[in-house]
Amino acid sequence: MQAFLAIVADTWRQSKQQWVFLILLVMLGAVTVTFAALTKVHDYGDGSDSRHSQTLLWLWQDAPEEFTREDHWEGVYSMVIAKQQGREEILRQKRKEQQKLKEEMISLSDEYSAAKKRNAPEAEIDAINERASALQKREAALVEETDRVNSQMLKEARAEVKRRSADISDLQKALEVTLAQVTTFLTILTMLGFVAAASGYFPGLIAQGSVDSVLARPVNRLQVFFGKYVGGLALISAALFACWLVLFITFGIKTGLWHWHFFSALPMTLLAAALLYAIVAWVGLMTRSTALSLVTGYFFYLVVDTAVHVMVTQAPNDPLFADWKWLVTMAEWVRYLFPNFRLMRESAEASVVNVPVFEAQPLIVAAAWLVILLVTAFRRFQRTDF
Amino acid sequence: MELAVETKDLSKTYKRGRILALKALDLQVPMGSAFGLLGPNGAGKSTLVKTLLTIVRASGGSATLLGVDFRRPEARRKVGYLPEGHRFPGYLTGAGVCEYFGRLAGLRGAELATQIKEKLELVGMSEWADVKISRYSKGMAQRVGLAQAMLGNPKLIFLDEPTDGVDPLGRQEIREVIKRLCRQGSTIFLNSHLLSEVEQVCDRVAIMHHGRILRQGSVREIIDAVTGGQGLLQVRFRTSPLDAGARQAVERHGAFTPADDGFLVNLPGPQAVTPLIDALRAARTEIFSVEPQHANLEEAFIRLIQQQSDQGVGGTR
């Protein structure tokens, strides 16, 4: 255990000496201070009951914007309620019907071309045109119905939110939305900065002449590997915990509301950071290259993650993708095969807003990937001759 | 005889057995000895040390360190190691390096602090203890490396090219440290291509070539074994300047090296001296003196390696 802790401590020290890490810490601090110091409680002063008397504003604002933070909260909440009520599934079904009509239209168009080519009688052509016209009408009606259903469901969801949140004050809603926003900023910053900081840990560890002295000591490779991994996560975890604590306390003092659910986003953010670190560590161990590890980390976070997110959230619903059936089928699987940092972040934000439906699936996929990456990376580390 | 290191049929192959780095190696290093491992570049010296320390995984055979199976971490509890071309983290100071490796060795608290101070002082690095490694010269880094290898007062210390990059004065100091460790009862396992250094420090040596141990024993035993018990005789002749014919005559008898007022010649034994004198006199060379020199480890080493090459004994690589 002592050897494990020595390696953790050494990696902590290594982190502290990296300018990339220091920049990351400064930026995390800046975001935390900005939100903590530049947010004020605003009193509406319009005689509303206590639940609607206060909200949160930026220091320089005299009055809330038209779309207030509590409106934002209700928007987020109602989307979740709509999802809970099966809105996405209903819309997906409607779009499938639209797609079917489109396919019929294409087939009719081919039939029309063939009829024209063989100089079919006028009556046959007219019959095809009539069928096409009927199809178009059905499609227009379906689109209209889809929009109507969508808007009706959102309206109902909104009403449901009003009912459910009748006891929740505007200040509480504004606080939850503000903390969800700060979670977003802190998560994105962490991911971008941590890739740069962490990409050199494992290539540095296994560099010739460096790992030898460590492995020659009475330690086993499991301790060395996980000591390095945990050590790499230690400083960022401590920094994020400090940010969370400062925000929790500052907003608690300012608003008198102690929103403990804010802390539920912290392990999710750390899971995302741990997963990205595992990816760069894996590449670092396989290639021994810090540069490749760094590039892969950013590529995965910025490109692969965006692509996966688009596939998972857009492809099944967007008519734009309707012509590529394989893409839609693939999108349904991708959700379960690839981790998605954006979905994880959304889960973290949702946990802060404390919505009734919690999307655990992205977290489960991420956890599975984390385990697979760490196990395969360790196996490699264990079997390598240095 | 109690052994600090013992290997039986230890082997290491790479590329699915196509490259044999260590070939069924049997080696015994007595406890408390200063053991030197010699061999040309690529002989497998560092691979052997790394295999013993599990930095490289053995492909077969067995070994013990201080009587414990070398694969178990406990075997390295009382073992120190200074790797060749080490790269300690640049963000650490000299004391930081010692603290880190001291903790890995199981030291803590006051004992760790005392040993760090003591070992850095021993290698003459106390004044630089709080300076970052990245600012050290190669020689300074080497001294700190030696200090970290001594932490925990190991009974067995592997030193891979310990004087590499160190100035002559520093080398002398490091040699003194090694001798001191020997006097204190530690077993030293020295890997070096500097044969004179090994000869000065070690009482036992092994010569390695293409992953095999060619000879092992005391320095004297090795020299005698290689030179057939006669010793490889080097003779210094002080003569008048040699003409071409005289030089050819010398070269027919042994390896010729020009020297002040004459030359040095390596002869197979004392029986070759008289014929050489006769040849020189026949070539009308004046002989002022003939002084036999003692054969040294370097000559024995070169001769042994040459013999192996002549016999075509090589590795699979």
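This is a predicted model: local features need pLDDT of at least 70, side-chain atom pairs count only at pLDDT 80 or more; totals for chains, interfaces and linings use all residues.
In chain A, helix H6 packs against helix H9 (residues 221-255), with the two axes 12 Å apart and an angle of about 160° between them. Because angles over 145 degrees count as roughly antiparallel, H6(A) and H9(A) are assigned to that class. The crossing of the pair is right-handed. On the H6(A) side, the contact involves Leu171(A), Leu175(A), Thr178(A), Leu179(A), Val182(A), Thr183(A), Leu186(A), Thr190(A) and Phe194(A). These residues meet Gly232(A), Leu233(A), Ile236(A), Leu240(A), Cys243(A), Trp244(A), Leu247(A), Phe251(A) and Thr255(A) of H9(A). By class, the contact of H6(A) with H9(A) comprises 13 nonpolar and five polar residues, with no charged residue.

Another helix pair of chain A is formed by H12 (residues 325-337) and H14 (residues 361-383), whose axes come within 8 Å and cross at roughly 60°. This angle makes H12(A) oblique to H14(A). Arg335(A), Tyr336(A) and Leu337(A) represent H12(A) in the contact, while H14(A) contributes Gln361(A), Val365(A) and Trp369(A). Four of the residues in the contact of H12(A) with H14(A) are nonpolar, one is polar and one is charged.

In chain B, helix H2 (residues 94-104) and helix H4 (residues 138-150) pack with their axes 9 Å apart, at an angle of about 25°. Since angles under 35 degrees count as roughly parallel, H2(B) and H4(B) fall into that class. H2(B) passes H4(B) in a right-handed crossing. The contact is built from Gly94(B), Val97(B), Cys98(B) and Phe101(B) on H2(B), together with Val144(B), Ala147(B) and Gln148(B) on H4(B). Five nonpolar and two polar residues make up the contact of H2(B) with H4(B), and no charged residue takes part.

The structure holds one cavity of 30 Å³ or more, and the volume of the largest cavity is about 40 Å³. Its lining consists of Val308(A), Val312(A), Arg335(A), Phe338(A), Pro339(A), Asn340(A), Leu343(A), Gln361(A), Pro362(A) and Val365(A). Helices H11 and H14 of chain A each supply at least two residues of this lining, and the largest share, three residues, comes from H14(A). The lining of the largest cavity divides into seven nonpolar, two polar and one charged residues. Arg335(A), Gln361(A) and Val365(A) line the largest cavity and also belong to the contact between H12(A) and H14(A).

The largest pocket contains about 940 Å³ of space. It is lined by 32 residues, of which Met79(A), Val80(A), Lys83(A), Glu88(A) and Glu346(A) are the closest to its centre. At least two lining residues are supplied by each of five helices of chain A, namely H3 (69-84), H4 (87-117), H6 (170-198), H11 (290-313) and H13 (341-353). In terms of residue class, the lining of the largest pocket has 13 nonpolar, 10 polar and nine charged members.

Technical notes:
Residues are numbered from 1 along each chain as its sequence is written. Chains are lettered from A and ligands numbered from 1 in the order in which they are written. Side-chain values use heavy atoms; hydrogens and water are left out. Axes are lines fitted to C-alpha atoms, for helices over the stretch in contact, and angles run from 0 to 180 degrees between N-to-C directions. Helices (H or I, at least four residues) and strands (E, at least two) are DSSP runs, numbered from the N terminus. Angles under 35 degrees count as roughly parallel, over 145 as roughly antiparallel, 65 to 115 as roughly perpendicular and the rest as oblique. A crossing is left-handed if the near helix is turned anticlockwise from the far one by less than a right angle, and right-handed if clockwise. Contact means heavy atoms within 4.5 Å. Ala, Val, Leu, Ile, Met, Phe, Trp, Tyr, Cys and Pro count as nonpolar, Asp, Glu, Lys and Arg as charged, and the others, Gly among them, as polar. On a 1 Å grid over the protein atoms alone, a cavity is a set of points where a 1.4 Å probe fits but cannot get out, and a pocket is an open set with protein on both sides within 12 Å along at least five of seven lines; lining residues have an atom within 4 Å of a point. Grid points are joined across faces, edges and corners, and a volume is the space filled by probe spheres set on the points.
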